[in-house]
Amino acid sequence: MTTVGLIGSGRIGGTVARLAVTAGHQALLSNSRGPDTLKDLAAELGPLARATTGREAAEGGELVVVTIPLRAVQSVPPGPLAGKVVIDTCNYHPQRDGQFPNWTAAC
């Protein structure tokens with residue numbers, strides 16, 4: 001069983017968490033609003049899911065999925081991610097995040 005840490009548990013993160021739990025993996029859910037806001041989702045997903053902080057998801061995940069707005073990427077703690085597989089969903093929306101002049105479509 002793999003532990004999947006989710007930094008961001010919105011539409012994409014929630015879907016990844018559901019798929020992980022369905023496949024028998026643990027899911028550590030986090031968002032910018034704190035673990036209390038994810039208790040319902042964790043309860044819905046069952047005993048393999050747990051609401052945590054972003055740092056706890058980064059530290060506890062063997063595989064970490066970062067699925068947050070691009071403008072918030074600087075808030076992700078890099079230390080706990082060292083040596084881990086990290087998947088970034090490249091969740092960039094110019095209308096929400098603002099324009100990044102050097103940003104390419106290569107994400």
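Figure 1. Read along the sequence, the protein chain runs β-α-β-α-β-α-β-β-α. That comes to 4 helices and 5 strands. Elements are DSSP runs numbered from the N terminus: helices are H or I with at least four residues, strands are E with at least two. The radius of gyration is 14 Å, close to the 13 Å that the globule rule gives for 107 residues, so the protein chain is as compact as a globular protein of that length. This radius is taken over C-alpha atoms, and the globule rule is 2.2 Å times the number of residues to the power 0.38. The model is predicted: local features need pLDDT of at least 70, side-chain atom pairs count only at pLDDT 80 or more, and totals for chains, interfaces and linings use all residues. Residues are numbered from 1 along each chain as its sequence is written, and side-chain values use heavy atoms, with hydrogens and water left out.

**Figure 2. Extent, surface and contacts of the protein chain.** The C-alpha trace spans about 45 × 30 × 20 Å along its principal axes. The accessible surface is about 6300 Å², and 55% of this belongs to carbon and sulfur atoms. Areas come from the Shrake-Rupley method with a 1.4 Å probe; for residues, only the protein chains shown count as cover. Buried residues make up 40% of the 107 residues. Buried means under 20% relative accessible area, exposed over 50%, and partly exposed in between (1.4 Å probe, protein chains only). Among contacts between residues at least 6 apart in sequence, 46% join residues at least 24 apart. A contact means heavy atoms within 4.5 Å.

**Figure 3. The largest pocket.** About 450 Å³ of space lies in this pocket. Of its 23 lining residues, Gly8, Ser32, Thr67, Ile68 and Pro69 are the closest to the centre. Helix α1 gives the largest share, 3 residues. The lining divides into 7 nonpolar, 12 polar and 4 charged residues. Ala, Val, Leu, Ile, Met, Phe, Trp, Tyr, Cys and Pro count as nonpolar, Asp, Glu, Lys and Arg as charged, and the others, Gly among them, as polar. On a 1 Å grid over the protein atoms alone, a pocket is an open set of points where a 1.4 Å probe fits, with protein on both sides within 12 Å along at least five of seven lines; lining residues have an atom within 4 Å of a point. Grid points are joined across faces, edges and corners, and the volume is the space filled by probe spheres set on the points.

**Figure 4. Glycine 10 and arginine 11.** Glycine 10 lies in the loop between β1 (3–7) and α1. It is partly exposed, at 49% relative accessibility. Arginine 11 is in helix α1. Arginine 11 is exposed, with a relative accessible area of 80%. Arginine 11 and threonine 67 are 56 residues apart in sequence and 9.1 Å apart in space, C-alpha to C-alpha.

**Figure 5. Threonine 3 in strand β1.** Threonine 3 is buried, with a relative accessible area of 10%. Not counting residues up to four places away in sequence, threonine 3 touches Gln26, Leu28, Gly60, Gly61, Glu62 and Leu63.

**Figure 6. Valine 64 in strand β4 (residues 63–66).** Valine 64 is buried, with a relative accessible area of 0%. Valine 64 and valine 86 are 22 residues apart in sequence and 4.8 Å apart in space, C-alpha to C-alpha. Not counting residues up to four places away in sequence, the residues that valine 64 touches include Gly5, Ile7, Ala57 and Val86.
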